Amino acid sequence: MKIDGTPYRSVWVDEQDGWSVHIIDQTKLPWSLDLLRLSDVSAAAHAIRSMQVRGAPLIGAVAAYGLALALRADASDAAMERDAEMLNATRPTAVNLRWALDRMLAKLRPLPTQARIAAAYAEAKLIADEDAAQCEAIGTNGAPLIAEIAKRTQRRVNILTHCNAGWLATVDWGTALAPIYKAHDAGIDVHVWVDETRPRNQGAFLTAYELGKHGVAHTVIADNAGGHLMQHGEVDLCIVGTDRVTRTGDVANKIGTYLKALAAHDNRVPFWIGLPSSTIDWTISDGVHEIPIEERAATEVTTITGRALDGSIATVRVVPTSSDAANPAFDVTPARLVTGLITERGRCPATAEGLLSLFPERAA
Ligand code: MRU
């Protein structure tokens, strides 16, 4: 997608040297567009852990490139397994990380060490290109939901989203935002309610940034405003992304998603999830008890960062110094609260049968 007219992906290999990996430092957005060059596996691991890159599909793609960087230093079996494990330990909830590393290892393990580096870059590129294509397909498969509301109501369509599940969270296009971009590009009048998404403000910082750069009408709201807006008919549908979906359709996503799903259910507002198949964990069926939920630092809750009136970026404490804070980073929305899943293969109910209807090869 474009930033000020220039097309970007969220991760790419340096065209000149052919091996170093570039990312957009998302901890600096929206205040400045800083590009970072990753030249070894520790830098890739740090980028994921510190959330310079974040969002389930992007984490997977950067981990894949991180393993390619690791092999440049040591392509032996022992080092490859160790570095893959180190990358896998950077964040626990998004299953795309394990998925991408497993796919890399399956490709690389049978190869002699001297063939591994080139093969790793080729596989990482495939993972990245496939993610971009799958996300675009999610857009194509989800946009008719928006078009149908526009046709029925003959007015602007209001969509609520949580966290950032746009192109910055994937390699390109996004998951939840891809149908919105497709609908907008097709001339449908859309407006997005952007949950700020405390504590890290991915909505206020990243979703607002990328929607603004693409010219999509949007309004940032406090996380607690969604239920009120739904009660007053101000939300036609919700679309969010996800970090892990069970084979039965339970959905882990950024903390606060569950509360939005409850409010949507109470107000009969459709609640859709956009996801590539790399986000489905076919090994589990009980999301609430089986999906590991990341606990992040209390300082993300006790402080907030923003631009001061003098233009400087400042971090300030917003909680009494004597108070402690807890920071579970994700929650699980049970499948019964989800209207349906939008994948690269089409839409389906959030059920085991629904998922298998799109991915029959998983029945075995
Ligand atoms: O902690 P984050 O910012 O990595 O969390 C990201 C989300 O929860 C996204 O909604 C999810 O990864 C879907 S991304 C397309």
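**Salt bridges in the predicted model**

Modeller: This is a predicted model.

Colleague: How far apart are the closest N and O atoms of D129 and K125?

Modeller: The cut-off for a salt bridge is 4 Å between a side-chain nitrogen of Lys or Arg and a carboxyl oxygen of Asp or Glu. D129 and K125 form such a bridge, and their closest N and O atoms are apart by 2.6 Å.

Colleague: Is D129 buried, partly exposed or exposed?

Modeller: Buried means under 20% relative accessible area, and exposed means over 50%. D129 has 28% relative accessibility, so D129 counts as partly exposed.

Colleague: Which residue pairs with D4 in a salt bridge?

Modeller: D4 lies in the loop between β1 (2-3) and β2 (6-7). The partner is in helix α7 (residues 202-214), 209 residues apart from D4, and the pair links distant parts of the chain. The closest N and O atoms are 2.9 Å apart, and the partner is K213.

Colleague: Is D4 buried or exposed?

Modeller: The cut-off for exposed is over 50% relative accessible area. D4 has 60% relative accessibility, so D4 counts as exposed.

Colleague: What does D83 count as, buried or exposed?

Modeller: D83 forms a salt bridge with R82, with the closest N and O atoms 3.3 Å apart. The cut-off for buried is under 20%. At 7% relative accessibility, D83 therefore counts as buried.

Colleague: How many salt bridges does the structure hold?

Modeller: The pairs D129 with K125 and D4 with K213 are among them. The total is 23.

Key
Residues numbered from 1 in each chain as written. Predicted model: local features only at pLDDT ≥ 70, side-chain atom pairs only at ≥ 80, totals over all residues. Heavy atoms only, no water. Helix = DSSP H or I, 4+ residues; strand = E, 2+ residues; numbered from the N terminus. Buried < 20%, exposed > 50% of the residue type's maximum accessible area, 1.4 Å probe, protein only.
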